[in-house]
Amino acid sequence: MNIGFIGLGLMGRPMAINVARGGHTLHLWARRADSLAPFAELGAQVHASPAEVAKHADLVVTMVADAPDVEQVTLGENGVAAGAKKGLLVVDMSTIAPAAAQRIGRMLAEKGLEFLDAPVSGGEVGAINATLSIMVGGKAAAFEKMKPVFELMGKNIVHVGDSGAGQVAKACNQIVTGMGVAAVAEAFNFARKSGADVAKVREALMGGFAYSKILENHGQRMIDRNFKPGFKAWMHQKDLRIVMEEAHRLGLMLPGAAATAQMFNAMVGSGLDPQASVLALNELERNPVYLVALRHQQLLRKLESVTT
């Protein structure tokens, strides 16, 4: 099958490589030429625009940063819709707001195209190992068409419901993972400050109701001081912004998610570690409230410099 792939960053690149290794011919477009380098030996064809990708593809996958990027590459000038044959399936695997996914799906439908929202969870490691969890919204027939391709990228593949439902599931995922990493970081800092062996504390927690994949995987990385980014902090900040905007629209109180969102705002806004993964929270060796205080202090210094 000829598969278009647009968005070859931290996650998209290994996902596309796994699709190519599954026997499909890739048709690619990327903003940065260096993103295309790994595909030279995989027989991929590079095109000048998303529209050209669509002309040669049986379906197109997008994996970009946020809703404006999805709209640009699918519906913008020289976007996918400009070159697509009627009935082409567009599968967006980015993380965007559910309402944005529904809007993009409607606009593509008006042009005779099909659409699935299919965000993923599992980080760079999951993308490399093709073990991602894939949460899908859209028509069941489109899901069945895409499922064999999804199986080249992930293991836990769930058709959640109608258009936008995949993004709802991803928002829920980011609430649980964001709060989970913060909880593990706080627990470990509490153990350390109390003079306990953090590794032994983790071992004890692993056998009880506190067990989670975050405690198992991220917890071990915290102990090992392994802070190599597997998911960038600004991405989780963006995802939690989506959560809070949707909560506001729905009139929901999400106090834990709100506190976690503020923590990420402070970490990214402080400039301490804008490229690091969420595991950097543990490296700070302080309660997350410290981040808020630090950001406030920096803002006061900026104001002082302006007024003096």
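Predicted model: local features only at pLDDT ≥ 70, side-chain atom pairs only at ≥ 80, totals over all residues.
Phe143 is buried, and Phe150 is buried too; buried here means under 20% relative accessible area, exposed means over 50%, and partly exposed is in between, with a 1.4 Å probe and protein chains only. Residues are numbered from 1 along each chain as its sequence is written, and side-chain values use heavy atoms, with hydrogens and water left out.

Back to those two rings. A pair of aromatic rings is described by the distance of the centres and the angle of the planes. Rings of Phe, Tyr and Trp (its six-membered ring) pair if their centres lie within 6.5 Å; planes under 30 degrees apart count as stacked, over 60 as edge-to-face and the rest as tilted. By that rule there is 1 aromatic pair. The ring centres of Phe143 and Phe150 are 6.2 Å apart and the planes stand at 35°, so the pair is tilted.

Now for the helices. Helices (H or I, at least four residues) and strands (E, at least two) are DSSP runs, numbered from the N terminus. Axes are lines fitted to C-alpha atoms, for helices over the stretch in contact, and angles run from 0 to 180 degrees between N-to-C directions.

| Helix pair | Angle | Axis distance |
|---|---|---|
| H8 (165–193) and H9 (198–206) | about 130° | 9 Å apart |
| H8 and H11 (233–250) | roughly 120° | within 9 Å |

Angles under 35 degrees count as roughly parallel, over 145 as roughly antiparallel, 65 to 115 as roughly perpendicular and the rest as oblique. H8 and H9 are therefore oblique to each other, and H8 and H11 are therefore oblique as well. Handedness has its own rule: a crossing is left-handed if the near helix is turned anticlockwise from the far one by less than a right angle, and right-handed if clockwise.

H8 passes H9 in a right-handed crossing. On the H8 side, Phe188, Ala191 and Arg192 make the contact, meeting Val198, Val201 and Arg202 of H9; contact means heavy atoms within 4.5 Å. These residues split into 4 nonpolar, no polar and 2 charged. For that sorting, Ala, Val, Leu, Ile, Met, Phe, Trp, Tyr, Cys and Pro count as nonpolar, Asp, Glu, Lys and Arg as charged, and the others, Gly among them, as polar.

With H11, the crossing of H8 is left-handed. H8 brings Lys170, Ala171, Gln174, Ile175, Thr177 and Gly178, while H11 brings His236, Asp239, Leu240 and Val243. This contact divides into 4 nonpolar, 4 polar and 2 charged residues.

Let's zoom in on Val201, which sits in helix H9. Is Val201 buried or partly exposed? Val201 is partly exposed, with a relative accessible area of 25%. Leaving aside neighbours within four places in sequence, Val201 touches Ala191 and Ala196.

Last stop, the loops. Most residues other than glycine have a negative phi. Asn78, in the loop between helix H3 (67–75) and helix H4 (80–83), has a positive phi near 60°. Asn78 counts as partly exposed at 44% relative accessibility. Ala130 also has a positive phi, near 55°, and lies in the loop between helix H6 (123–129) and strand S8 (132–137). Ala130 is buried, at 12% relative accessible area. Ser49 counts as buried at 11% relative accessibility, and beyond its neighbours within four places in sequence, Ser49 is in contact with Trp29 and Asn78.
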